[in-house]
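Thanks for coming, everyone. I have one structure to walk you through today. Take a moment to look at it first.

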Amino acid sequence: MGEGEEINVGEEERENISLKDLSKKLEEFAKARDWEKYHSPRNLLLAMVGEVGELSEIFQWRGEVDRGLPNWEESDKEHLGEELSDVLLYLIRLADICGIDLAHAASKKIVKNAIKYPPKFF
Ligand SMILES: Nc1ccn([C@H]2C[C@H](O)[C@@H](COP(=O)(O)OP(=O)(O)OP(=O)(O)O)O2)c(=O)n1
């Protein structure tokens, strides 16, 4: 098997991948490397916060940035996509290890937010 092949996905699957699918891929990734022992809730939380730091570094000292990042180099946008992904992947893995169905929890939270902040109120 080639490098990364065990968790590779096709173009179409990539467009429609769910949080649950990503969660399974992360589980396979950790299992294949015998890294499950490192993926404790606290370790994953710290790893995620570390990645939030790396994400912040991309914006550091740039001043305010326009939506869509019109003046950014493609390489900077690609880097941003990678750091956003690292945060997301650790968050998904953390939720999974804690036994939280993140898609379900997030959907419920959006409803709760909408009740707390009704549109006609603003
Ligand atoms: N024990 C680990 C180590 C890594 N990863 C995965 C989740 C992240 O998506 C990515 C993080 O990898 P790195 O720690 O190498 O971080 P970066 O990719 O940001 O590299 P660098 O810090 O060199 O920029 O790999 C993981 O699941 N479990």
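Start with helix 3, residues 41–59, and helix 4, residues 74–97. Their axes come within 9 Å and cross at roughly 160°. An angle over 145 degrees counts as roughly antiparallel. Helix 3 and helix 4 are therefore roughly antiparallel to each other. As for hand, the crossing of helix 3 and helix 4 is left-handed.

Before we go on, a word on the source. This is a predicted model. The protein chain has a mean pLDDT of 93, and 94% of its residues reach 70 or more. The scores for the model are ipTM 0.96 and pTM 0.92.

Back to that pair. Which residues in helix 3 meet helix 4? On the helix 3 side we have P41, L44, L45, A47, M48, E51, V52, E54, L55 and I58. Across from them, helix 4 brings H79, L80, E83, L84, D86, V87, Y90, L91, R93, L94 and I97. Sort the residues of this contact between helix 3 and helix 4 by class. You get 15 nonpolar, one polar and five charged.

Let me pick one residue from that list. L45 sits in helix 3. Now follow L45 over to V87. Along the chain, L45 and V87 are 42 residues apart, and their C-alpha atoms are separated by 9.8 Å.

Next pair. Helix 2 is residues 19–32, and helix 2 packs with helix 4 at an angle of about 85°. The axes of helix 2 and helix 4 are 9 Å apart. At that angle, helix 2 and helix 4 are therefore roughly perpendicular to each other. Who makes the contact? From helix 2, it is L19, L22, S23, L26 and E27. From helix 4, it is L89, I92, R93 and D96. By class, the contact of helix 2 with helix 4 has five nonpolar residues, one polar and three charged.

Now the loops. Find D34, in the loop between helix 2 and helix 3. What is the phi of D34? The value is near 55°, which is positive, and the residue is not glycine. D34 is also exposed, because 8 other C-beta atoms lie within 10 Å.

Move on to L69, in the loop between helix 3 and helix 4. L69 has a phi near 50°, again a positive value in a residue other than glycine. What about its surroundings? L69 has 12 C-beta neighbours inside 10 Å, so L69 counts as exposed. The cut-off for exposed is 12 or fewer.

Last stop: D76, which lies in helix 4. With 13 other C-beta atoms within 10 Å, D76 is partly exposed.

To recap: helix 4 packs against helix 3 in a roughly antiparallel way, and helix 4 is roughly perpendicular to helix 2. That's my tour. Thank you.

Definitions and conventions: Residues numbered from 1 in each chain as written. Predicted model: local features only at pLDDT ≥ 70, side-chain atom pairs only at ≥ 80, totals over all residues. Axes fitted to C-alpha atoms, helices over the stretch in contact; angles between N-to-C directions. Helix = DSSP H or I, 4+ residues; strand = E, 2+ residues; numbered from the N terminus. Parallel < 35°, antiparallel > 145°, perpendicular 65-115°, else oblique. Left-handed = near helix turned anticlockwise from the far one by under 90°. Contact = placed C-beta atoms within 7 Å. Nonpolar A, V, L, I, M, F, W, Y, C, P; charged D, E, K, R; others polar. pLDDT = per-residue confidence, 0-100. Buried ≥ 20, exposed ≤ 12 C-beta atoms within 10 Å, placed from the backbone.
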